[in-house]
Structures are given as structure tokens and as C-alpha cells.
Amino acid sequence: MALDWREIDRFLMGEAWAGSRIPEYRDYLCHEIGSRWGGSEGDFRAAEYIRGQMSLHGLDSVRVEQFELDTWNYTSAIARIPDTSEQLEIKPFLRCPAIDLTAPVIDLGYGTPRDIDAASDTICGAIVVLNLGSEPFTPPLPHTARLSLVAEKGAAAAVVVESKTGGRMEYRSANDWRAPGIAPHPLPTVNISFEAGGRLRYLAGKGYQLQLKVESRFFDTPANNVIGEIPGEVWPDEHVIVAGHHDTVFGTVGGNDNTSGTIAVMEAARVLAALKKETGVGPARTIRFATWSGEEQGLQGAYAYVAKHHGKNGLTAPPRFALNLDELSTGHMKGVVVMTEHMRDFMQGQLDTMSDALQCHVQGPLDAHSDHFPFVRAGIPAGILWRWRFFGRHATSEFHHEFGDSAQKLNVRELKEYVGQISRLMLRLSHVTPGDWPNNPHTAEEMERRAVSEIGSHTPTFHG
Ligand SMILES: [Zn+2]
């Protein structure tokens, strides 16, 4: 029997809109639980809550999958001018090793290769200060590549000056996530606000030394991914997956990053389960729903899942497609960005059936900043949604990895539309016959080589 997509779409958009649980989920995750650093109590409570909601809405095979997280935390981070006892507020970069050192400060400006060369004789043993953003007149290098260059010159530590103004400080990583495994920091690195960075530069010019002290430690801890599914009625052994991370960095409830994507996963599951229950229309191939822990710590939850399910002797055949939902409160949905060209025409064809002018684009350099990347690296077709990384973010929603990413940053009305569109797309993908999918020409070995060859290069969609 042919499906009546007009009626299906009407149900999915209606249920996403009128039956929405978004405010309730937002309040529980952001206000009752709060911040959810991977492996922390908040992270565990979030996984348990999501598992409970998936069960409540009648999903199949709902479970928590535990993995061992290579984690880190810190108890203090202090920047102090010893001669005057003046203190400047800083944040350590994520996984910054413990340090306590006092050294001269070298201002490297933007930290371009030219800036670094020009200061070459003075960098060794010094604390360097450089801008987070790239100097606009030379080809951009990510801050991770610039940090590696100053580390090679023997700098003792780096202070990175925020581009956003108003005292804001984000938690960041000093490592290029295209490198395999969890690498150590190239050098101890901390973040400083735009304004305090200006003060530090003034004091450096006067010849003052800086004391940097970070108390931190590394350890292993269990962490939980959450998985549920709606079984396929025609090809139950095949599946597509839609997922997003439920963990946050420290000190933020992550309204945008990534309470929004977590809720979109929970809501798409609820809406599609309701469609099946109330109209009898289910997916033809299985749709799997997952939320990950450890994204902010090197995508460790998604890596653990891909290794367990799709690695050597994996439990499950790879999905036909993996859609990653991250930071969905930063602009309306404009389409889907796939990571490989072979998916473009196919995905555009699916989007065209939705008649909402959604566009498919192909990522140039691979984007390693979120949970699609472990899938991509394993040779599995994957994508993200086209949103602010490309243009048109809301001025009030450029928040992630900082205190300002509060519950109000989650745009409820817009997220309802995402949920409806994601549900429509995932159901369509579940109904495409096996013979109509494009052949995947990419192997895990090839994608791994490509990821490594792109280490140090600029990812336009992330920084642009
Ligand atoms: Zn995120």
C-alpha cells in the first residue's frame, strides 16, 4: 500500500508542534539537572532521564550503554602578576595539565607563523599571549595549529585571548580532533577574556612576569550513552540513526549546546512512535535514536558506540546514514550537510519530497567538531543540519561552552520545527528501498587517511 505522505507529514508536524514536550524536557535537563560534564553526576542523571522518556514513549530496545571515559577536571586556575599581586580571571582549556610557573610574557598578536618567527628568540620558556581569532589577511590557521607551532618553539604555556567581548570566556580544546586518539595538550593553555587579555598585554609590555597556576587531574570514569529504536517493518536488520550529545562543558546547562539537540532526538522519537501508534505507519527500516556522553571530551561517547557496534566484530551492520544534531538553537533549519559527495544528489532528492526548499550541501574539509565525525571516520555516511555555521544565526544565540548558554538560549518555537522536519526526513530515509541508496565508495581506511591529512587545516564551517 502506498503511503500518504501528505497525511503523514500533517501528523508529524502537528504532533511536533501541538504535542511538544520541549519546555518540560528543557526545564528538567537545564534546571533540575544543570551542567552535565561527561562522567559527572549530572551526566548520569541526564542519561537516566532520557532512557526513562524513551521507554515511556514506547521505543524498543531502550538501554544505556556504558563506556570508560578518559576524563579530566580542575579545581582552580589562577593568573597573577607576582610583583603587584594583581589577579586576572582565566579559564583552563579543557584537559589542560596541572601547572605552576612564573615566566615572562610574550605578546604574539594573532600568533601567525610570521608573528611566531619574528619572536622566535624569546618564546622558549615564556608564556605566550595570542588571539583566538585568525589574522584576516593571511590564510587562516586554527588556534590548535598555532598552539602546536608555539609549543615547538619551546613556549612554557599559552594564554589565548577571546574574540567575543564583554568578559565572556569559553571552554575550548587545544587539540585538533582529527588526530587519532586523545592527544596530550601541545602545551598548557588557558583562556582569558578580550578585556582582561588587553590588560595582560599592557602589563607584558611593561615587563611584568606572570604566574599561571592550574590545579587539574586526569582519571578514568564510566559514562553512559542512551539508545532506543523503532523497529523497521520491512528491513528490520537495516537502520538509520539520529543522535546528539547530552553532555555539556563545566559551568553551563548548555541550552543550545546541546540540550537543543538532545531534546530533538527525544522529541523525534516520541513523534515517530506516536505516528506508528495512532496511524499504524512505522519505519520500513529501523530508526535508531541515541544520545551520547563525552562529546565535549573528544567525542568519546560516539567513538565508543561506533567501535562497539561497527568496529571489528561489531554488533550491528553500519547505518545507511547517521544524522548528528548539535546546537540547534542558533538559526532555523536550512537543510542538511553531508560529509561526502556521493550522498549529495540522493539527499537533495529526499529533501525535495518535503517541499520546504531545504538544501543539501557537502562539507569540504571534514568537520571534526561533533559526533558525526566518529561515523565519518569509520566510512559511514553521515551529516549535520545546515544552520548558523553557514549564515544567519540569531545574535542572542551564539552561545556554547560558557555560562551564557543558559536555558533561555533554547529557542522552543524553532526547535519544534526542527523536530517535525527531522521526523519527516528520518521516516523518508527509512522507506527508501535498499536498491535506491547510492553505493558508498568510501572505506574506513580512506576516511581515516583523509582525516589525518587534514590535521591543522582550517574548517570554514566552524570558524567562518
Ligand atoms: Zn555540542
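Glutamine 66 counts as exposed, at 51% relative accessibility. Here exposed means over 50% relative accessible area, buried means under 20%, and partly exposed lies in between, using a 1.4 Å probe and protein chains only. The model is predicted, so local features need pLDDT of at least 70 and side-chain atom pairs count only at pLDDT 80 or more, while totals for chains, interfaces and linings use all residues. Residues are numbered from 1 along each chain as its sequence is written, and side-chain values use heavy atoms, with hydrogens and water left out.

Glutamine 66 sits in strand E1. Strands (E, at least two residues) and helices (H or I, at least four) are DSSP runs numbered from the N terminus. Apart from residues up to four places away in sequence, glutamine 66 touches Phe44, Pro222, Ala223 and Asn224, where contact means heavy atoms within 4.5 Å. With asparagine 224 there is also a side-chain to side-chain polar contact at 2.9 Å. A polar contact is a pair of N or O atoms within 3.5 Å; within protein, one must be able to donate a hydrogen and the other to accept it, and residues adjacent in sequence count only if both atoms are side-chain atoms.

The C-alpha atom of glutamine 66 is 9.3 Å from that of tyrosine 305, although 239 residues separate the two along the chain. Tyr305 is one of the buried residues of helix H9 (residues 300-310), together with Gln300, Gly301, Ala302, Val306, His309 and His310. The buried residues of H9 pack against strand E1 (60-81), strand E8 (209-230), E9, E10 and helix H11 (372-377). Leucine 299 belongs to the loop between E10 and H9. Its phi is near 60°, a positive value in a residue other than glycine, and leucine 299 is buried at a relative accessible area of 1%. Most residues other than glycine have a negative phi, and most peptide bonds are trans. Another positive phi, about 65°, is found at serine 85, in the loop between E1 and strand E2 (86-88). Serine 85 is partly exposed, with a relative accessible area of 44%.

The zinc ion is coordinated by His245 (NE2), Asp257 (OD), Asp326 (OD) and Asp326 (OD), at 1.9 to 2.6 Å. The donor residues follow the spacing H-x11-D-x68-D. Histidine 245 in strand E9 (residues 235-245) and aspartate 326 in the loop between strand E11 (322-324) and strand E12 (335-338) link distant parts of the chain, 81 residues apart. Histidine 245 and aspartate 326 are both buried. Donors are N, O and S atoms within 2.8 Å of the metal (3.2 Å for Na, K and Ca), and sites may look incomplete because water is not among the atoms. The angles among the four donor atoms run from 53 to 145°, and the site is irregular. Four donors count as tetrahedral if all angles lie between 85 and 135 degrees; four count as square planar and six as octahedral if opposite donors are over 155 degrees apart and all others between 65 and 115; anything else is irregular.

The peptide bond from aspartate 257 to asparagine 258 is cis, with omega near 5°, and asparagine 258 lies in helix H8. Helix H8 (residues 255-279) has 21 of its 25 residues buried, so it is largely enclosed by the rest of the structure. Between E9 and H8, the loop holds threonine 252, which is buried at 3% relative accessible area. Beyond neighbours within four places in sequence, threonine 252 is in contact with Ser35, Arg36, Glu402, Phe403 and Asp405.

After H8 comes glycine 280, with a positive phi near 85°.
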